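This report describes one protein model, moving from a single loop residue to its surroundings and then to the chain as a whole. Please have the sequence and structure open while reading.

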Amino acid sequence: MSVNQDDWAALLDNHPIFDVPKAYQDNSEEALELSTKSLKASARNDGYALSRRRQAMALKDADLIVAVHKELRMTSLGDTKLGKSARSYKILHTPNIEFEIHQIVANPSGKLLAVAGAYQVAVVVLPRPGYSKLVSSTIECKYARSVPVAKIEWHPWGEAGSILMVMTVDGKLREYDISVDTEEPQQVLSFFPERKTKSFIAEDPAEREIASFTLGRGKADWGPLTIYTVTRSGDVYAICPYMPKNASIPSSYVHALECFIAAKQEFLLQGTSMSTSPLSTLYDYQRKYVSALVKQLPLGTVFPAVSRSVPMHPPHTIKSEPLRQGPFLLQPSPRTLEGSEGGDAADIAYLSFTSDDDEGNEGETERLGIVMIAYQDGKVDVCLDVEKVEARWESKQESSRELPMFAVYESIDLGLISMLRESSAEQSIMDLLQANHPLLYGDPMHDDRVYVTHAFGVHALDFGELLQCLSAALRTDDEEGSLLLQALEKSTATHVTAILNTFSVQRRCSNPVIAICIPNDIFLAYSILILTSAFRIICLPLTLRTDLSPSRNFQDAGSEPTSERDERILIPAEGPPAYVSLLEAEPFQLPSVLSQSSGLPSFPRMSVGASNTKNEFMLTPDTLRYLGAVVEGFISQSREVTLAHRAAEMRAALQRTEFQRQLEKCAEMMKKAEELRGPRYAQTESRVQKIMESHKKLTARLDRTLQLLIQQASPDLSESETKWFEELRRMKAEVFGAGRYDEGSLAARISLLKREYERNMSSLKNMAEKELQRKKQFAGSSQGLGIPQAFELGERSHLERTKISELEKIIVRMASKLDLSVGRPPSELGVADSDV
């Protein structure tokens, strides 16, 4: 039986790499599920809660890596797709990893793999392509045993892709350079000040526990040098600037940042208020920082040279430490979900949007950023980064600065609370949210799509409509901001799609999603791979789409000004139109149920583990309610599909009728065109000739009539006309002369000049020919002498001539003193005398 090479669900079904570990095979898979029975209080160490972030799957080009308990498994998806080898996997031999693996992240170069547990972090060197045996070496990083790990991530601008960032829940970000030192961190950033031992501060412990962090984005601002963190209480902090100890930064970014700082300083010089003094000091610090980066650029990277990555180190021109900015104000305040007491924050992500059409408008669209914060109760706050963070350093002046701000656009409800309430009326079912840890993953193919994984499934968030609307409003020249306000009011909400549901209504438990991967390789089909805690793999094919859909193109074309469209088409004649179309003026819009081009399922896929007990299936009211809701959803969707199908069929029939009418109309127009080119054309041409002849006769008659009228109105010339005619006669006499032999006329002088010119030209031509022959002879005689030799010979000749002239003067003076008569010096002799 042949299997489609792009059907990953069939290729990875029952693959041994997803087998349940032996530690769980003897007991039951219930230990891998999330339920009220298996739910335990989070273990705490020194007052810190363990992080529930899970990412047990990663992709290295076409290789899939899966973390199973304490084991790392690796297989080639390319070989699996082509069927070159049987379904198997290799175990990476890592004896130093003696902890349960929670997170794995591959570095940008794909050579290193960061592995993190609850407290430990290790780095594994991945095998080269074409691996066949269990060969692997292990490099350990120093880890803190007393503080749980919150998140690990490779820095995209790390030199050789070896910069690993480890964030612990106590707010310490440690930077490790694996290629330099695996024991000691290169840098340590602290987001919380140290607590004083003899002081008491009444604060929530969640305010000092970091849940996650992310890096900012941008092209010509401080975004790539900014780190954002979110605490469990939902407070967001930022530190800027931050760059790795051994970084590799694009040269174009350094030049763009230099221009950005220069433009701000120039704008600041235009103001004269006293409030610009602190900003002037801040911009001076920023200029010193950027100038230190520019000095590290090599000579071949001067703007506008081609951008390339340049090794750099953080400048030390400013002794102060970067300032922790925050907490950020969320304006307006995000709403609280109904039935929720407000869950802890779990993850933060920064989304930026740039399109291919933004090359000429980078100053507006490249600064468009979105910050997303996910919470345990299924809420995702979408905030607009309207005031981007800038580099600041600790000083006394910064203590009174206003807090930064995020503009809250909307609060998305993933529907987890309503799902749990509908599944059971017991309040204890809501305790499952305590173990929920949503994570945000960006789509590598489309910047405007984000996937949210949680303990009950996966959701997809599509920001395409929002970003397109905002970018179009930012491109307009609107200083007051009215167009941007209108765009925000008219923009639609984020499109939320549930693509996977792992919650079992019957057993009231769930298989949390522990990993998600999206292949970004040219040899692998565009799809999404989802792994649950029971090690079940779900593969969903996705559809590649263009940046702008056809409907948007039509909308953009319809939004053009009427004057611009009138310049490209003919203006119709007045009166009723000659042809009326059966179709409407607006293009046909596909129904929403048929216009989903992302490939995501309309209804979430179900992936629930089957109970290992031999009890029969129990039909409960909760199960009936759930089945009724699902069946009702399917029926409503099938009804929508049926109506959409009928509308599409009616539209197709109407377009076929309109096409037939247009064919008939075109045939009629072609027939008229043939008639115009046939006998009717000859008749029209003869008629035009007659009209032209009659027009010439009428013109001649009009001239005669006009002459007669002029003679009758004024038979004698006026004084001005008399002077004009006299001036014309004088000019004629000056040009042609008074008589035939007038030599003073311009015509006679011109003829004399022509004769002299022709006579002189013949002699000049003879001289030019002689000069050309002389040059040829001279070139032939001096052919063996080059220009440098001739120049040196001339210098020597000039020196000898100077010496001879000085000797002649000395001889003449001596002869005058001795009263002797001497002849003329050789330099005064002619050519003939010298020859003699």
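Buried means under 20% relative accessible area and exposed means over 50%, with partly exposed in between (1.4 Å probe, protein chains only). The model is a predicted one, in which local features need pLDDT of at least 70 and side-chain atom pairs count only at pLDDT 80 or more, while totals for chains, interfaces and linings use all residues. Residues are numbered from 1 along each chain as its sequence is written, and side-chain values use heavy atoms, with hydrogens and water left out.

**Ser533 and its loop**

Ser533 has a relative accessible area of 9% and is therefore buried. Ser533 sits in the loop that links β34 (527-532) to β35 (537-541); helices (H or I, at least four residues) and strands (E, at least two) are DSSP runs, numbered from the N terminus. Contact here means heavy atoms within 4.5 Å. When neighbours within four places in sequence are set aside, the contacts of Ser533 are Leu32, Glu33, Asn511, Pro512 and Ile514.

**Strand β34**

Two strands pair if DSSP finds at least two bridges between them. β34 and β35 run antiparallel and are joined by five bridges, with Ile528 opposite Leu540 in β35. β34 also pairs with strand β33 (residues 513-517), again in the antiparallel sense, over four bridges. In that pairing Val513 stands opposite Thr532.

How many residues of β34 are buried? Six of the six are, so β34 is largely enclosed by the rest of the structure. Ser527, Leu529 and Leu531 point one way from the strand, and Ile528, Ile530 and Thr532 point the other way. In a regular strand the side chains alternate between the two faces of the sheet.

Beyond its neighbours within four places in sequence, Ile104 touches Gln55, Ala56, Met57, Ala58, Ile65, Ala67, Leu72, Leu113, Ala114 and Val115.

**Helix α7**

Helix α7 (residues 416-423) has Leu416, Ile417, Met419, Leu420 and Ser423 as its buried residues. These cover an arc of only 165° around the axis, which puts them on the same side of α7; the arc is that of the directions from the helix axis to the C-beta atoms.

**Salt bridges**

A salt bridge is a side-chain nitrogen of Lys or Arg within 4 Å of a carboxyl oxygen of Asp or Glu. The count by this rule is 17.

| Salt bridge | N to O separation |
|---|---|
| Asp443 and Arg449 | 4.0 Å |
| Arg661 and Glu658 | 3.0 Å |
| Arg730 and Glu727 | 2.5 Å |

Asp443 and Arg449 are both buried. Arg661 and Glu658 lie three residues apart in helix α12 (residues 621-677), about one turn of the helix. Arg661 is partly exposed at 27% relative accessibility, whereas Glu658 is buried at 2%. Arg730 and Glu727 also lie three residues apart, about one turn, in helix α14 (residues 719-736). Arg730 has a relative accessible area of 44% and counts as partly exposed, and Glu727 is partly exposed at 31%. Elsewhere, salt bridges that share partners join Glu209, Arg232 and Asp344 into one network.

**The chain as a whole**

The protein chain contains 17 helices and 36 strands. Of its 836 residues, 38% count as buried. Among contacts with a separation of 6 or more, 65% are between residues 24 or more positions apart. The accessible surface is about 51100 Å², and 55% of this surface belongs to carbon and sulfur atoms. Accessible areas come from the Shrake-Rupley method with a 1.4 Å probe; for residues, only the protein chains shown count as cover.
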